[in-house]
Amino acid sequence: MYQIANRIGDLLARDNVRWALFLACLVIMLYGTFRPEPPPDLFAHSDKWGHVLGFTALALSARMALRFVPWPVFWLLIAGFAALLEFLQAAWRPLRIFSLGDAYANLLGVAIALGVVMTWHL
């Protein structure tokens, strides 16, 4: 198990892998946000879980790729992006609406990512 973790760590140490992971998360998040109709509910509150998990992955991958951005600036920008996407979804897609619950779920995903990064650095 330790060898597998080391190999994953070695792979993530490469800049091109970090950027590819970040760009993949960004494309998936943008597709999910701006698709014409909302995704189907798979279970109760599956939409909220999707927001939380999506922004956790996006924030973690963005932090790995954008290591050169200072901490406070990065976390303020990613939190602003999380809130802005929910607003833009309602503004640009006629069948989609702004949901404060979704915006909070986005911000919760960012907060979880921040907690993971801070724990990792301890």
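Why are Trp71 and Trp75 separated by about one helical turn? The two residues lie 4 residues apart in helix 4, which means a separation of about one helical turn. The model is predicted: local features require pLDDT of at least 70, side-chain atom pairs count only at pLDDT 80 or more, and totals for chains, interfaces and linings use all residues. Residues are numbered from 1 along each chain as its sequence is written, and side-chain values use heavy atoms, with hydrogens and water left out.

**Overall architecture**

- The secondary structure comes to 5 helices and 0 strands, where helices (H or I, at least four residues) and strands (E, at least two) are DSSP runs numbered from the N terminus.
- Along the sequence, the pattern reads α-α-α-α-α.
- Of the 122 residues, 32% count as buried; buried means under 20% relative accessible area, exposed over 50%, and partly exposed in between, with a 1.4 Å probe and protein chains only.

**Aromatic pairs**

- The structure holds 4 aromatic pairs; rings of Phe, Tyr and Trp (its six-membered ring) pair if their centres lie within 6.5 Å, and planes under 30 degrees apart count as stacked, over 60 as edge-to-face and the rest as tilted.
- The pair of Trp71 and Trp75 is tilted, because the ring centres are 6.2 Å apart and the planes stand at 55°.
- Trp71 counts as partly exposed, at 32% relative accessibility, whereas Trp75 is buried, with a relative accessible area of 10%.
- Trp75 also forms an aromatic pair with Phe74, which is edge-to-face at 4.8 Å centre to centre and 85° between the planes.
- Phe74 is buried, at 3% relative accessibility.
- Trp71, Phe74 and Trp75 form one aromatic cluster.

**Helix 2**

- The 20 residues of helix 2 should span 28 Å at 1.5 Å a residue, and the end C-alpha atoms are 28 Å apart, which agrees; the expected span is 1.5 Å times one less than the number of residues.
- The buried residues of helix 2 are Arg18, Phe22, Cys25, Met29, Thr33 and Phe34.
- These residues cover an arc of only 140° around the axis, so they lie on the same side of helix 2; the arc is that of the directions from the helix axis to the C-beta atoms.
- The exposed residues Asn16, Val27, Ile28 and Tyr31 are carried by the face of helix 2 turned away from its buried side.

**Second largest pocket**

- The second largest pocket has a volume of about 360 Å³.
- A pocket, on a 1 Å grid over the protein atoms alone, is an open set of points where a 1.4 Å probe fits, with protein on both sides within 12 Å along at least five of seven lines, and lining residues have an atom within 4 Å of a point.
- Grid points are joined across faces, edges and corners, and a volume is the space filled by probe spheres set on the points.
- The lining of this pocket comprises 20 residues, of which Met29, Gly32, Pro39, Gly50 and His51 lie nearest the centre.
- Helix 2 (15-34), helix 3 (46-65) and helix 4 (71-92) each supply at least two residues of the lining, and the largest share, 7 residues, comes from helix 3.
- By class, the lining has 9 nonpolar, 8 polar and 3 charged residues; Ala, Val, Leu, Ile, Met, Phe, Trp, Tyr, Cys and Pro count as nonpolar, Asp, Glu, Lys and Arg as charged, and the others, Gly among them, as polar.

- Phe34, in helix 2, is buried at 19% relative accessibility.
- Phe34 and Arg93 are 59 residues apart in sequence and 6.7 Å apart in space, C-alpha to C-alpha.
- Asp47, in helix 3, is partly exposed, with a relative accessible area of 22%.
- Between Asp47 and Ala105, the C-alpha to C-alpha distance is 9.3 Å, with the two residues 58 apart in sequence.
- Tyr104, in helix 5 (residues 100-121), counts as exposed at 53% relative accessibility.
- Tyr104 and His51 are 53 residues apart in sequence and 8.9 Å apart in space, C-alpha to C-alpha.
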